[in-house]
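Please read the following report alongside the sequence and the model. It goes from the whole chain to a few selected parts.

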Amino acid sequence: KMTQQMRDLQLAQARKPPGPSSPNAAKRLYRNLSGKFRVNYTSFDEGSLVGRGEKEKLRKSYLFQSNAALFEAVELQDLDRVQELLKHYSPEELDLNTPNSEGLLPLDIAIMTNNAPIARALLQAGAKESPHFVSLESRSLHLSTLVREAEQRVNELMAQVVNEAPNADCSEKEKQLKAWEWRFRLYKRMKAGFEHARVPDAPSSVHLSVASSSSLQVTFWEPLSVNSAVVTKYKVEWSCSPTFSPLLGEAVIDKLKDLHFTIQGLVSGTACHVRVSAYNMKGWGPPQASTPPFAIPSNWREYDGRAPRRRGQAEALDHLLGQVKTVHQHCICHEPCKNQPQSRKHSVSKSLKHLFHPGSKFLKTLKRGLYLTAIFYKDDNILVTHEDQIPVVEIDDTYSCLLMQDFLWFTKVSCMWDEILWLLQCVTVSQSSCSCILQTRFKMLLAISQMQGLLGIQDLGQVFFEPIKDKQGNILIVTLKEVKTNQTFESVRWVPICKLQTSRKSVSSPEEPTALDTLLISVQDKLAYHQRSSHALTPGLYLGYLKLCSAVDQIRVLVPERLPNILCHVKIRSNPNISREEWEWLQKMASVEEPVPTELEADTSQSPLFQELQVAIKKLMTLVNIPLQEAKDFRLYSQEVLDFGEKVSFLLLLPPSDDVCTAPGQNNPYTPRSGFLTLPLQIFELGEER
């Protein structure tokens, strides 16, 4: 692969218009100028490498070539070639921060020739300036030495070429002379670039925000001036005093991919002033104070001392489950139930025998009843049985209970795939009556265990948010799981989804497809839903829209198709934290009845959060197709900020009280545009937890 990359690189260079003359041999000769910096140069000709038998030597040779190619591309100011090398090789492979024989790094050459695009590309890749330049004087002296030695070498070669008769040696010296002349011009240009450069201006903008009760987020932008040298690092300083004396701390940022910094370890409630200055090869420029000039570390919970909602909940639930298991293990779980009717005992025994009977296998066709199917996929392939069928097992062939209640119970069981056998034991002995619900749920556990046994997989994945029904009375519960690694299975095999869809012969009419046919037709949609429901939001503060609609047996919530595990939303800002001051302002606004008093208008117009909310509300209203003039009747949920971990938080926008939940038969005056769906509330809650 690396050989091909170098070949492509040579071809690309050959197609480029001729640039300044810089023969490789002469270039290497210059780098061997000083005996103490002597290195052995290997030609770019790939043919010279073929004879090497040792792989390690071959690898080192390639890496040396890539390093030499990077220096040459920077010297020739070839941005395309620099970007190509940075794309194909890591900084370590390029020796990006190892000085050459002249004590220079690629970034030194780029900034001293004032080539800002190449310098920025190198900085993004992690390039640094040479550590040899400890002061302005040392850099100036180094450049003067390079220029003087190059000029001296040009004069020596010029005299030799003029005085010698034409021969092979003379021709070689002419090539060397041409290369030294080119390098002499390069170093003169670098020296002039350094001498004419000046310190950078202050960063064009510095924004300060509260990141938590003990930290502040600083975001800054490059100086606007284009006349100074390229900025290679920034310095962030912070202090309790507006004069910055004394300093609380400072940090130098030389990784310039993202121009932001988080100041940690601050005292909650104490104001902190921040400023940022830029650096180039001429030194540090003037500092730029932040906007606002100071900030106070805090969090909205400090407003009323509220503890996190979910603190200790996971541990408490694990402890409770452990207690339940202990009770069942030591009491009735392993004892036969004496009060069970004889017919029920026989039914349970028969079911268990069927589960472990060697004849247990996947179904090929559906009869009237309730079934479970598991879809495992990897890329564009799906797991099928040896008969090219999606794995299906029967739950109940005489199902007549309330489907939605049993389905929601099944989705909760999907959080405990590893505990199915234990649940089977508990449900088996607890059935003291012929309850239809208990019988169905026991059969669901049997079907899950059977599917796990046939596939040899415990984790069946996530339950699709609604069962598939057909007019023949079949109901299909679908689970979905993406397989990340290449696995092989005994009872199933991988086939392309498109092949399965084209090869399967339908046994139903297009007007009345069976549940299996419907599943096969819509399998790509279900896989897309599964993938999208596992996506996470980028860090930030979001404005969510809560809209419910009720039916006879469930409440459903409106969600976007592109991210069905989250409410309809727009991003307010990248900082997820709501400070105490911001939350206090929100509480005042929530407690004030229309119209807004004049004393609050000034504070409101100056609040960055108010301006951010205005923009977000307009975007959200457009997204869910609600006229903007109706926004005056909407409300912000002011009881709490919804925190999803440490990096994502939500403010909720609520419709008028009467419109939060649309009742059955009630017309929704605002129909969302395409790209939305409604999920059962319990399914949404489970997806959110995942």
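What does the accessible surface of the chain come to, and what percentage of it belongs to carbon and sulfur atoms? The accessible surface is about 36,300 Å², and 53% of it belongs to carbon and sulfur atoms. Such areas come from the Shrake-Rupley method with a 1.4 Å probe; for residues, only the protein chains shown count as cover.

This is a predicted model, in which local features need pLDDT of at least 70 and side-chain atom pairs count only at pLDDT 80 or more, while totals for chains, interfaces and linings use all residues. Residues are numbered from 1 along each chain as its sequence is written, and side-chain values use heavy atoms, with hydrogens and water left out.

**The chain as a whole**

The chain has 690 residues, of which 44% are buried (under 20% relative accessible area; exposed is over 50%, partly exposed in between; 1.4 Å probe, protein chains only). Its secondary structure comes to 22 helices and 24 strands. These are DSSP runs numbered from the N terminus, with at least four residues of H or I for a helix and at least two of E for a strand. Of the contacts (heavy atoms within 4.5 Å) with a separation of 6 or more, 72% join residues 24 or more positions apart.

**A sheet of four strands**

An open sheet of mixed pairing has the strand order β23-β17-β18-β24. Two strands pair if DSSP finds at least two bridges between them. β23 (661-662) and β24 (676-680) each have a single partner strand, so one side of each is left without a neighbour in the sheet. β18 (residues 555-560) runs antiparallel to β24, and five bridges join the two. Arg556 is placed opposite Pro680 in β24.

**Two helix pairs**

Axes are lines fitted to C-alpha atoms, for helices over the stretch in contact, and angles run from 0 to 180 degrees between N-to-C directions.

| Helix pair | Angle | Axes |
|---|---|---|
| α5 (residues 79-88) and α8 (residues 116-124) | about 5° | 10 Å apart |
| α19 (residues 580-591) and α21 (residues 608-623) | roughly 65° | within 10 Å |

With an angle of about 5°, α5 is roughly parallel to α8 (under 35 degrees). Leu79, Val82 and Leu86 of α5 meet Pro117, Ile118, Ala121 and Leu122 of α8. These residues comprise seven nonpolar, no polar and no charged (Ala, Val, Leu, Ile, Met, Phe, Trp, Tyr, Cys and Pro count as nonpolar, Asp, Glu, Lys and Arg as charged, and the others, Gly among them, as polar).

Between α19 and α21, the contact involves Glu582, Trp585 and Leu586 of α19 and Leu609, Phe610 and Leu613 of α21. Here five residues are nonpolar, none polar and one charged.

Key:
Parallel < 35°, antiparallel > 145°, perpendicular 65-115°, else oblique.
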